Amino acid sequence: MSEIRATHTGFINLSTGLIRVIFAFIFITLITRSLTVEQFGEYSVILSVVIYIITSHWVISYWVTREIARGNSSGRTAIISSGLFSSIGTLAFVVIGTLVLDFTNLNFTTILLAALLIPLQFFYNVFTHIAIGWKPQIASYGNLILDLIKVPFVFVFLFIFDLGLNGVFLSLVLSFIAANVAFLYLNRSQLREKFSLYTFKTWISRFWLPGYPTLISIIHTFDFLIVAILTSPEIVGFYAAALAIGSFVSNSKLISVAVYPKLLSNDRGKYLNENFRLFMYFALLFSVLSIVLGKAGLYILNPAYESVSIAVIFITMRYFLFSIYENFNLMLRATENIDSTLNPTVKDFIKSKLFKIPSIQLVQYTIYIITLSVSLILIDFSTTTDLIIFWAVLSFVIQIPTTMLISIWIKKENLLQIKFFPILKYFLALIPTYFIIDFLNNSLLIYDSYFIEFLPVALIILFVGIVTYVGITLLIDINTRNLFKTILYELKK
């Protein structure tokens, strides 16, 4: 039976995650306020290429979480293996980055600085998955350190030394170094066992299994590169800004981080139902906040992005569905034990959930990328805003069937007994919350005011919205009252 406390760990992850959101928002605001829309688009394109490369970390991190959760200490093997993969990845990034220079205004110095992120982020991701396997809250601490440190670094390099895009990547490099040092210390108990060549060979022999969903993820992230090539990096900049606001709802997944290692250790219990209810509690709140305050959030980033506020609505709905999908995805993968059986064959893996679930995403992402590419070629969008909205709507629509399919799958597996009445109460609480925020938004926010005047008003409206939702749910839902009693009890310890 796992010693991980799902709800306790979930709240640590959610609390630190929300603090991270604040600093991440400050970080991106500093960037969008100092870079042009085109430069921010180029920054987003480069980061998407980084994602292409570092997704290969799954060959290692995929297995290390599963092994550590089952009591097998393979942390050192994972870290040493990361050095090999990240070296190859860095070289590949420099080659790809050189090709990117042809259709952007980037210089080779920027590419080299960004290349340093490959090994650093590779180690960071592996450290994170080591932590998830035995003490998930450590992953939250490392993530928090990363986002806290990024803010002063980017402020110094952008506003004092005026290094522009190079300053942004330099701040990321230094931040990842600090976060990795912290992770090394926090995970030290899982790094004592010697390097296991047998474990390494086993992971490599099964590389195709985590490699399959990795390839699928890369397909999805082609959208930034395709749009940049077929239109311009400026379009990517607008969409990335809307994404920064609309993806806020994905933080609700943090409440469920501990579910994966608990299920891997064969610990099934009532905590699954409770955890999903909590996930929905926060996901619904975050969705409404993103939708109603989307325009305000874009204005804070940079008034230039305000025009794509409608896209935030569809991006938010897409991430709401995607968060549900990811939640169910983790549950299903964690209940699959084919990799712990003796000498499983390739055919056994193909029949397992570890292969079938990514196959759903393969269909989804392939349709998404093909439709987006063909549309950009054939459709003459009259304005940039129309293109951004189309892109956001397409992303949302494509997510609907996959979320429905995996929901049906969860029901067949009988993993959850979802109680819809509490969730209905949360929907009812959202109605007055929405109208109060919308009223204050229209009454108090002046969109041609100075940043320093606009921000405090927006934060007050955000606070009022949260208090309204929490207050109503406390009145009408006994589960929420019990939740806050538990939180107060934990704080008094």
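A: The account below begins with a pair of helices and the loop between them, goes on to two further pairs, and ends with single residues.

The model is predicted, so local features need pLDDT of at least 70 and side-chain atom pairs count only at pLDDT 80 or more, while totals for chains, interfaces and linings use all residues. Residues are numbered from 1 along each chain as its sequence is written, and side-chain values use heavy atoms, with hydrogens and water left out.

Two packed helices are described by the angle between their axes and the distance between the axes. Helices here are DSSP runs of H or I with at least four residues, and strands are runs of E with at least two, numbered from the N terminus. An axis is a line fitted to C-alpha atoms, for helices over the stretch in contact, and angles between N-to-C directions run from 0 to 180 degrees.

Helix α7 spans residues 137-160 and helix α8 residues 164-186; their axes come within 8 Å and cross at roughly 150 degrees. The two helices are therefore roughly antiparallel to each other; angles over 145 degrees count as roughly antiparallel, under 35 as roughly parallel, 65 to 115 as roughly perpendicular and the rest as oblique. The crossing of α7 over α8 is right-handed, a term used if the near helix is turned clockwise from the far one by less than a right angle, with left-handed for anticlockwise. The contact of α7 with α8 comprises 20 nonpolar, six polar and one charged residues. In this scheme Ala, Val, Leu, Ile, Met, Phe, Trp, Tyr, Cys and Pro are nonpolar, Asp, Glu, Lys and Arg are charged, and the others, Gly among them, are polar.

Asp-162 is placed in the loop between α7 and α8. Its relative accessibility is 63%, so Asp-162 counts as exposed; exposed means over 50% relative accessible area, buried under 20% and partly exposed in between, with a 1.4 Å probe and protein chains only. Most residues other than glycine have a negative phi. Phi of Asp-162, however, is near 50 degrees, a positive value in a residue other than glycine.

Within α8, Ser-171 and Leu-172 may be taken in turn. Ser-171 counts as buried at 0% relative accessibility. Contact means heavy atoms within 4.5 Å; leaving aside neighbours within four places in sequence, Ser-171 is in contact with Phe-27, Lys-150, Phe-153, Val-154 and Phe-157. Leu-172 is buried too, with a relative accessible area of 5%. Under the same exclusion of neighbours within four places in sequence, Leu-172 is in contact with Phe-27, Tyr-43, Leu-47, Leu-117 and Lys-150. Leu-172 and Ile-149 are 23 residues apart along the chain, and their C-alpha atoms are separated by 9.0 Å.

The second pair is formed by helix α2 (residues 37-54) and helix α4 (residues 75-100), whose axes come within 10 Å and cross at roughly 145 degrees. This crossing is right-handed. From α2 the contact uses Val-45, Ile-46, Val-49, Val-50 and Ile-53, and from α4 Gly-89, Ala-92, Phe-93, Ile-96 and Val-100. Nine of these residues are nonpolar, one is polar and none is charged.

Helix α4 also meets helix α9 (residues 197-205), with axes that come within 10 Å and cross at roughly 55 degrees. That makes α4 oblique to α9, and their crossing is right-handed. Thr-77, Ala-78, Ser-81, Leu-84 and Phe-85 of α4 meet Thr-199, Phe-200, Trp-203 and Ile-204 of α9. By class, this contact has six nonpolar, three polar and no charged residues.

Thr-32, in helix α1 (residues 6-34), is buried with a relative accessible area of 0%. Its side chain reaches the backbone oxygen of Leu-301 at 2.7 Å. Arg-66, in helix α3 (residues 58-69), counts as buried at 0% relative accessibility. A polar atom of the Arg-66 side chain lies 3.2 Å from the backbone oxygen of Arg-333. Leaving aside neighbours within four places in sequence, Arg-66 is in contact with Tyr-260, Leu-264, Arg-333, Glu-336, Asp-339 and Leu-354.

Technical notes
A polar contact is a pair of N or O atoms within 3.5 Å; within protein, one must be able to donate a hydrogen and the other to accept it, and residues adjacent in sequence count only if both atoms are side-chain atoms.
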